[in-house]
Amino acid sequence: MVTVVGLGFVGLTTALGFAEYGHRVYGLEADESRMAVIQSGRLPFLEPGLDEALTRHLGGNFLPTADWERAVADSEYVYYCVGTPYGEDGEADLTYLYGALEQTLGAIHDGKFRVLVTKSTIPPSTTEGRIIPFLEAHGVRVPEQLGVANNPEFLREGHCWEDFTRADRIVLGVSDARSEAALRRLYARERAPVCCVSLNTGEFIKYLSNTSLACLISYANEMSMAADAIGGIDTAAAFRILHMDKRWQTGTIRTYFYPGCGYGGYCLPKDTSAFYARTKDCGFDGQILRHTIAVNDRMPAVTAERIIRAAGEDRERCIGILGLSFNPGSDDVRDTPSAKIIRALNEAGYRNVIAYDPAAMEPFARSYRLDCRCVGTYEALLEQADTVAITTAWPMFADVLERTDKPVVDCRYMLERSAGYADDR
């Protein structure tokens, strides 16, 4: 049994989706007029496919009710799909969520283990930093008495039913094994990958998804403004032709949308800076372009700090750099992030630096004068280094954790990627 609190777009879709899986679901809704519409078998909003699901399950697997006591008493899971609007300061308002949690606690009169799951969109660290302390302040021992989790939604209005029943992934933010096992049972019929992550990661993924879309929209709009400033550009045609790039068609464009050490090589640094300068000459100062360059300029120092934290304060310790080319599969070291990272390490006093790259050691030695010594083999670097950092995502480095028990800093975030997910930045 599942109780879903809040029957808006997300809540009603969630309730009927679980009913479609074969679960019995109670639906609680504070808006009496909305509840009356749902109980009559009609949708309170337009959402294709959801109306037919409501007809199939109303009175069967889906039971809209105002009886909190019965719903909570019968349920092993309580899902919260209430509003979390943002206020004038941009912060998420958790008033409705806290109220729903209090009503839930007031309806619990037994020792049955339940999982309280937030599906409403909440900022990273909310479950850990605010919801669990809120429950503990009300005398609840988490996770001994109640499990707490988040299960972010990825529903598009107009496509909610399709997105729930044909999900591309299920994200569960959990912190204890009992809650994870219970939620996996709830999703046992789901064919999409079920990804169990930490509480903060679960919340972060939702914001990563939405803010990336927001950035893409704003970037496209900024480029249209830049085109207007320069003049003589058919913006619509330019974007249509951009989308003909095979990387959009095959999905390999995703390799550019992954964190690393910053972009390098010949084209991206040169062209991004040149285009920004040109738009400024035309009277348009593109903020996304400006900040893109600024973030990339910061990445070597940020990456060096990550390596230093792993290496410790002893400047004599040997730091091993895996990868010198800006890109795996190439010996091109022009504007390579590795050189900037090594320079930042040298400037911080770390001069016992060694490096290995399967293709780029000779061009690197010719191009840069740094306190860094190249070693002949991957094995030699692992033997000599006290701390290892991956700065180019060569596939051969994927087994580094099996080869050494020394600290490894995965600056390219490559070690957990799926097989064949090459980094072609």
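Student: What average pLDDT does the chain have?

Tutor: The model is predicted, and pLDDT is the predictor's confidence in each residue. Here the chain averages a pLDDT of 94, and 98% of the residues score at least 70.

Student: Where does pLDDT stay under 50?

Tutor: That happens over residues 418-425. For this stretch the model has 23 contacts beyond four places in sequence.

Student: How should I read salt bridges, and how many are there?

Tutor: Side chains of opposite charge can pair when their charged atoms come close. In this structure the count comes to 15 salt bridges. One of them joins Asp-245 and Arg-247, with N to O at 2.7 Å. Another joins Lys-270 and Asp-271, whose closest N and O atoms are 2.4 Å apart.

Student: Why do Asp-245 and Arg-247 count as partly exposed?

Tutor: Partly exposed covers the range between buried, under 20% relative accessible area, and exposed, over 50%. Asp-245 counts as partly exposed because its relative accessibility is 22%. Arg-247, at 30%, is placed in that class too. As for the other pair, Asp-271 has a relative accessible area of 36% and is partly exposed, and Lys-270 is partly exposed at 38%.

Student: Which helices hold Glu-379 and Arg-403?

Tutor: Begin with the contact itself: the side chains of Glu-379 and Arg-403 meet in a salt bridge, 3.1 Å from N to O. This pair links distant parts of the chain, 24 residues apart, with Glu-379 in helix 16 (residues 378-384) and Arg-403 in helix 17 (residues 400-403). Glu-379 is partly exposed at 43% relative accessibility, and Arg-403 is partly exposed at 41%.

Student: Which residues are linked with Glu-379 in a network of salt bridges?

Tutor: The network takes in Asp-399 and Arg-403 along with Glu-379.

Student: Now for single residues. Where is Val-194, and what is it in contact with?

Tutor: To place a residue, look at its element, its accessibility and its contacts. Val-194 belongs to strand 8 (residues 194-197). With a relative accessible area of 22%, Val-194 is partly exposed. Apart from neighbours within four places in sequence, Val-194 is in contact with Ile-170, Leu-172, Arg-184 and Tyr-187. Val-409 lies 215 residues from Val-194 along the chain, and their C-alpha atoms are separated by 27 Å.

Student: How many cavities of 30 Å³ or more does the whole structure have?

Tutor: The search finds 1. The largest cavity has a volume of about 60 Å³. Residues lining this cavity include Thr-118, Lys-119, Ser-120, Asn-150, Glu-203 and Lys-206.

Student: What classes of residue make up the lining of the largest cavity?

Tutor: There are 2 nonpolar, 5 polar and 4 charged residues. Helix 9 supplies the largest share of this lining, 3 residues.

Conventions:
Residues numbered from 1 in each chain as written. Predicted model: local features only at pLDDT ≥ 70, side-chain atom pairs only at ≥ 80, totals over all residues. Heavy atoms only, no water. pLDDT = per-residue confidence, 0-100. Contact = heavy atoms within 4.5 Å. Salt bridge = Lys/Arg side-chain N within 4 Å of Asp/Glu carboxyl O. Buried < 20%, exposed > 50% of the residue type's maximum accessible area, 1.4 Å probe, protein only. Helix = DSSP H or I, 4+ residues; strand = E, 2+ residues; numbered from the N terminus. 1 Å grid on protein atoms, 1.4 Å probe; cavity = no way out; pocket = protein on both sides within 12 Å on 5 of 7 lines; lining within 4 Å. Points joined across faces, edges and corners; volume = space filled by probe spheres on them. Nonpolar A, V, L, I, M, F, W, Y, C, P; charged D, E, K, R; others polar.
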